[in-house]
Amino acid sequence: MTKLSGTALWQQVQAVTKSAFSSGALKSIPTRCIERQVTLGQISLHLQVRIVANLARKSKATKDAASQVKKPGDFDPFLPYEPALYVGELTNHYRCLLNKFNVMDHHILMVTTEFAYQREPLNSEDFYAALICLQAQRGLVFFNGGPDAGSSITHKHLQMIPLTENENSYPFEPLFKHLSLTVEGSKQSALPFPHRVATTCYPVGKEPDEIRRYAELNCRNYHKILSELELQNMADGLAPAHNLLMTRDHLWVVPRSQSSYNNLAINALGFAGTILVKDDQQLTQLDQIGCLELLKNVTPD
């Protein structure tokens, strides 16, 4: 079966998005985005808060999205996957699907073709799929490693949202750019919760062998960070709850202690500086707690 990559992959993402939206298979949830500024040292960070729109909260799509969490524990939306959301095959082990309940445009999923547990630590095949998608479009790849890290689906998958030309960074990027990182080292930034940031090994060439070699380097750095954060595999071979985020420039990992605090849920995107709230009441609650304080409360002391 033909594997998608590069321009062809992203053109297919756009084409399938258009058809899935027309057919009603894609249930986009509209939000309004506001900014919250925080200062760490000499650096001002402009965090994004997305509030689900009033009409969306009443829509069937939003109710469907909420009900997804309440499905039986063995429910797997990826086996079988919904044909209207299918983009194509990425590798022998990964395929690309659209996120059915997307908040941001062209939100894609990288899903294992055979079942694997979401709480398994990432391997080089996972990073290989991630690099293929990052080469197709500048974006932010993220992984919610288990329920306490914000995942509601047990089937292993990574996700990516594009970073457009007008929005080619994420809120925490200015902080990471000030770290003096070596190719194989990682550091903690000034953010007030445990995490480690490393440089992404990003291939310039498009040859599969080169991409695979860089995937193995990123995988090695990721496992080194897990060790530094004391996120060693448990007796069952699964990993403690954590989030991984990755762009063409940086790769970072955050250990997790719980999925939410005061009913404010946080997934990996929170650790890029983007927080989703359900309504204005939750926005008020978030402002009372503080964005960074919220992130501190869902990570270990």
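View A. A strand here is a DSSP run of type E with at least two residues, numbered from the N terminus. By that rule, S186 belongs to strand β8, which covers residues 186-187. The model is predicted. Is S186 buried or exposed? S186 is buried, at a relative accessible area of 12%, because the cut-off for buried is under 20%. Leaving out residues up to four places away in sequence, S186 touches L181, R196, V197, A198, I225 and E228. A129 lies 57 residues from S186 along the chain, and their C-alpha atoms are separated by 22 Å.

**View B. The whole protein chain, for orientation.** The chain contains eight helices and 14 strands. Its radius of gyration is 18 Å, close to the 19 Å that the globule rule gives for 301 residues, so the chain is as compact as a globular protein of that length. Along the principal axes, the C-alpha atoms fill a box of roughly 50 × 50 × 45 Å. Buried residues make up 51% of the 301. The chain has 29 positive and 29 negative charges, and the mean positions of the two sets are 5 Å apart.

**View C. Helix α7 has a buried face.** The helix spans residues 280-289. Which of its residues are buried? They are Q282, L283, L286 and I289. Seen down the axis of α7, these buried residues fall within an arc of 125 degrees, so they line one face of the helix. The general rule behind such a face is simple: an α-helix has 3.6 residues a turn, so residues three or four places apart point the same way. Q281 and Q288 are exposed, on the face of α7 turned away from the buried side. What covers the buried residues? The cover includes strands β1 (31-40), β2 (43-52), β12 (260-261), β13 (264-265) and β14 (274-277). Helix α8 (291-297) is also part of the cover.

**View D. L98 is buried in strand β4.** L98 has its place in β4. Its relative accessible area is 3%, so L98 is buried. Not counting residues up to four places away in sequence, L98 touches V13, V16, T17, A20, L26, L85, V87, H107, I108 and L109. M160 is 62 residues from L98 along the chain, with 9.9 Å between the two C-alpha atoms.

View E. V103 is partly exposed, at a relative accessible area of 25%. Beyond residues up to four places away in sequence, V103 touches I29, T31, R50 and L276. R36 is 67 residues from V103 in sequence and 19 Å away in space, C-alpha to C-alpha. H106 is also partly exposed, at 23% relative accessibility. What is the phi of H106? It is positive, at about 55 degrees, although H106 is not a glycine.

**View F. N262 has a positive phi without being a glycine.** Its phi is about 50 degrees. N262 lies in the loop between β12 and β13. The residue is partly exposed, with a relative accessible area of 40%. For background, most residues other than glycine have a negative phi, and most peptide bonds are trans.

**View G. The peptide bond from L79 to P80 is cis.** Its omega is near 0 degrees. Where is P80? P80 is in the loop between α3 (60-68) and β3 (86-89).

**View H. T7 is an exposed residue of helix α1.** The helix covers residues 6-23. T7 has a relative accessible area of 58%, so it passes the cut-off for exposed, which is over 50%. F142 is 135 residues from T7 along the chain, and 21 Å separates their C-alpha atoms.

Notes. Residues numbered from 1 in each chain as written. Predicted model: local features only at pLDDT ≥ 70, side-chain atom pairs only at ≥ 80, totals over all residues. Heavy atoms only, no water. Helix = DSSP H or I, 4+ residues; strand = E, 2+ residues; numbered from the N terminus. Rg over C-alpha atoms; globule rule 2.2 N^0.38 Å. Buried < 20%, exposed > 50% of the residue type's maximum accessible area, 1.4 Å probe, protein only. Lys, Arg positive; Asp, Glu negative; His and termini not counted. Charge placed at Lys NZ, Arg CZ, Asp CG, Glu CD. Arc of directions from axis to C-beta. Contact = heavy atoms within 4.5 Å.
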